[in-house]
Structure formats: C-alpha cells, structure tokens
Amino acid sequence: MKTIRFGLIGCGLMAREFASAAARWCHFTGDIPRPEIVGICSVLPQEMEWFHKNFPDIKYSVSDYKELLDKEDIDAIYCAVPHNLHEQFYIDIIKSGKALLGEKPFGIDKKANDAIMQAYRETPGAFVRCSSEFPFYPAMQTMINWYNEGKFGKILEIHAGFNHCSDCDVNKPINWKRMVKFNGEYGCLGDLGIHTQHVPFRLGFFPKTVTAHFSNIVKERPDGKGGMAVCDTFDNCTLFCTTLNKEGDEIPMTLETKRMCPGSTNRWFFEIYGLECSARFSSDDANAFYYTSSWGKEQSWNRIIIGYKPMLPTITGPIFEFGFTDSMQQMLGAFMLEYSGEKVPFGLFTPEETAMSHKLSTAALESHYNKKVVTLD
Ligand SMILES: NC(=O)c1ccc[n+]([C@@H]2O[C@H](COP(=O)([O-])OP(=O)(O)OC[C@H]3O[C@@H](n4cnc5c(N)ncnc54)[C@H](O)[C@@H]3O)[C@@H](O)[C@H]2O)c1
C-alpha cells in the first residue's frame, strides 16, 4: 500500500481527529494510500504529548512550521490553525511544493483567500483541498446520488445549515473563534459557512444574490482569568440567497450558520425540495434521511435508515451506525485518492470553491451593513 507522508501544523482539536483517523487505516477494505504522520508543529509543547504518546514514530517535532516545509520526507501537510494564520501558512505550504489539506475558511477574509489562490495558481502541480467532512455521511451521500439520478425532479428550494448551541451558555469562556482578530469579520459564517456550502456548490447551486442577516447577541464573555473580554464576532447568520435550478428557474437557497441555536449541539443539515420528491438530512439523526412519497396532491414524509454504507468501503457491517469520526476518515480517504490522481464519486471542497465561499461571505457582509440585496456575478 502506498504511503503519503504527512506533517501536521497545529496540534489542536482537528489535528487529533486527523491522527486518530490515520491510525485506523485498516478500517478501509480498498487500497487507499495511507497517511503516515512524520512531523508535527505546535507552539504549545503540552499539545504534542498526546501525539508522541500515541505515535512514537513521529520524526520531527517543531514549533516553527517552516521547518516541516524543508523536509524532503514529507509529502503533504494538514494545517489546522486559527484563521488569522491561514494566509501566510497556506501560501508557504503551497510554495514549498507540498500538498495541502487546509482548514476552513481558507483565509480569514477574501483578501487573504485571494492571496492563497494566487499562490495556488502560480505553483505548477499544486494539490490543494479544504476540509469538509459532513457530506461523507452515507445517508447524505445517498441523497446526493438521488439528486444526480434526477429523483427529485425540478428543484424548488434548498435549505442547509450548521448550527450550534453551546454559546447559549453566556458563562462559556471566550476563545479565539469568538474574536474578530483571530476568527475574522464573518464571525460564525467564516467558521461554519463552508460546511453549509459544500453540497449546494457541488450540485451546481451557486448563489446569484444574497440578503444576509447577522446578529451579535453576546458582546462579552468570561476571559477565563476572572474578568470579562469583548466578544465581537457575529453569533448567528442567515443567508437568504437565490440560485438557479437546472431548468434555469430562480429558486431560494437559505444557508444558516448559528452559534446560538437552542437544541443544536452540532446540527449539520441539508434539505432539498423538488417537484417529484423532497429529502432532508440532519446529523442529529445521522444514519437516516427523510424523503417524500407522492399521493397525488398530497405527500408523505418517510424515514429510511441507511446505516454504514460509506462511499469508500470499510470492514464495518452495513447495518451498523456511522458517526463524525467515520466522516473524517472518509474525507481523508477521499483526499488520499484525489491526491494520488484517482477519481472519487464525491471529492473534498476545492480551492475554487473556497474562492466562491469568500465571495459569498463578503457579499453577505455588504448586504447586512447596507441593508440591501447584493448580486454576485
Ligand atoms: N472541519 C471541521 O469540522 C473543523 C472543526 C473545528 C475547527 N476547524 C478548523 O480547524 C482550524 C483549527 O481549529 P481547531 O478547532 O483545531 O483549533 P484549536 O484551537 O484546537 O487548534 C489550533 C492549533 O493551532 C496551533 N497554533 C497556533 N498558532 C500556531 C503557530 N504560530 N504555529 C503552529 N501552530 C499554531 C495551536 O497550538 C493549536 O494546536 C480552524 O481553521 C478551524 O476553522 C475545522
């Protein structure tokens, strides 16, 4: 089996997910190139302990990411660092000639994303993708296949979102994701937006216009040291977009990203409404999706449990349940295949899609501040 040698930049929440998925590569039944963690980088030595304990073969352990970019025995980098660092880190990684699996939002703002895209275009042979794992749930993949097979008929409406609720606890201490200087002006939209856009963009639903509403509900939070700190990011955002269906009809597409949505622990959802059939998936009910049967003028909602039938086959029985860590592994498997030049039925979010995401988010801010409908060309 081919091995792809990785350096991880940032050793936080997402880097641990990467490492854990890489550690159980035997889960796949197919011949998928295996990620091997060769080097790690963090500014916090205590974060590296978990990696050294569980991956004793890690060769390089550095605090300056550029040291990993010089290593000839590293092929690819997974970079999961705060948004204010994306621009410089991603550009340096791309220019080093290593493949990049970056994290969203792929630049703190459009200017940063433009600079990353320029480096990408100027680097021959660059291989770059952005992490987005939720579309890899088997139930969601089934809905995507249904769309591609034309089962829904003429599409009437798209509604997608990624909502959280832990910020409803106003005593939750602040972190970098709640500060504009680290997270970016888009706030919750920058942090969660790409998750909501991957499936619509890939199915060809590109926003034509946007009317946005952002709210900043909680303006300060405990600083974790006994005081209070300014919390200047937007908590909730709803994008009311228009898009075109295949027949060229203008239809609504609503994209929600909320940090304060009561009851939504980690609710990623996608709903598609069509003339012949409609369907909806929510990560709250991750093994199933709902679809309609038509009874003439009326329709009934049915729930079908898909279970464990992922895009990339695994050892797990098809009746078992699929979860977040499985979606991470499916996404990584898809990255390894795409990087190796193989086609996958559903690939990761592309650099071009990150550019579209930033265009939408920037237009959304303009819409919100000026209280107007903004047209995207
Ligand atoms: N795909 C997903 O579902 C998902 C979920 C959460 C976060 N993310 C994204 O992952 C990225 C990181 O988020 P996280 O939740 O893992 O954050 P985190 O705070 O847990 O980790 C950030 C890491 O960056 C490191 N870091 C900070 N400055 C550094 C520097 N100068 N050099 C090297 N390392 C440095 C920190 O030490 C830490 O290890 C963000 O872009 C975020 O949007 C993605």
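Visitor: What distance separates the centres of domain 1 and domain 2?

Guide: Before the answer, two remarks on the source. This is a predicted model, in which local features need pLDDT of at least 70 and side-chain atom pairs count only at pLDDT 80 or more, while totals for chains, interfaces and linings use all residues. Residues are numbered from 1 along each chain as its sequence is written. As for the distance, the centres of domain 1 and domain 2, taken over C-alpha atoms, are 26 Å apart. Domain 1 covers 3-130 and domain 2 covers 134-312 + 351-375; such bounds come from an automatic or database domain assignment.

Visitor: How many residues of each domain are in contact with the other?

Guide: Two residues are in contact if their C-beta atoms, placed from the backbone, lie within 7 Å. Here 18 residues of domain 1 touch 18 residues of domain 2. On the domain 1 side, the elements that give two or more residues are helix H5 (110-122) and strand E6 (128-130). H5 gives the most, with four residues. Helices (H or I, at least four residues) and strands (E, at least two) are DSSP runs, numbered from the N terminus.

Visitor: Which residues are closest to the ligand?

Guide: A residue is near a molecule if its C-beta atom, placed from the backbone, lies within 6 Å of it. The ligand is surrounded by 22 residues, of which the closest are Gly10, Gly12, Leu13, Met14 and Glu103. By class, this shell has 12 nonpolar, five polar and five charged residues.

Visitor: How is a pair of packed helices read?

Guide: Two packed helices are described by the angle between their axes and the distance between the axes. Axes are lines fitted to C-alpha atoms, for helices over the stretch in contact, and angles run from 0 to 180 degrees between N-to-C directions. In this model helix H1 (residues 13-23) packs on helix H9 (residues 324-339) at about 75 degrees, with axes 9 Å apart. H1 is therefore roughly perpendicular to H9, a term that covers 65 to 115 degrees. The contact involves Glu17, Phe18, Ser20, Ala21 and Ala22 of H1, together with Thr325, Met328, Gln329 and Leu332 of H9. Five nonpolar, three polar and one charged residues make up this contact.

Visitor: In what order do the six strands of the open sheet stand?

Guide: Two strands pair if DSSP finds at least two bridges between them. The order is E3-E2-E1-E4-E5-E6, with parallel pairing. Strand E3 (60-62) and E6 each have a single partner strand, so one side of each is left without a neighbour in the sheet. Neighbouring strands are turned by 25 degrees against each other on average, direction ignored. Within this sheet, strand E1 (residues 3-9) and strand E4 (residues 76-79) are joined by four bridges, and Phe6 has Ala76 as its bridge partner in E4. Helix H4 (residues 86-95) lies across E1, E4, strand E5 (99-102) and E6, at about 155 degrees to E5.

Visitor: Which strands pair with strand E7?

Guide: Among them are two with opposite senses of pairing. E7 (residues 155-163) is antiparallel to strand E13 (residues 267-274) over eight bridges, with Ala160 partnered by Phe270. With strand E12 (residues 250-258), E7 runs parallel over six bridges, and His159 is partnered by Thr254.

Visitor: How many residues lie between E15 and E16 in their hairpin?

Guide: Two residues lie between them, and Gly296 in the turn has a positive phi of about 80 degrees. Strand E15 and strand E16 (residues 298-305) pair in the antiparallel sense over eight bridges, and Trp295 stands opposite Glu298. Another hairpin joins E14 to E15 through five residues.

Visitor: Which residues are joined by a cis peptide bond?

Guide: Lys104 and Pro105 are, with omega of about 5 degrees. Pro105 is in the loop between E5 and H5. Phe106 is also placed in the loop between E5 and H5; Phe106 has a positive phi of about 65 degrees although it is not a glycine.

How values were computed:
Ala, Val, Leu, Ile, Met, Phe, Trp, Tyr, Cys and Pro count as nonpolar, Asp, Glu, Lys and Arg as charged, and the others, Gly among them, as polar. Angles under 35 degrees count as roughly parallel, over 145 as roughly antiparallel, 65 to 115 as roughly perpendicular and the rest as oblique.
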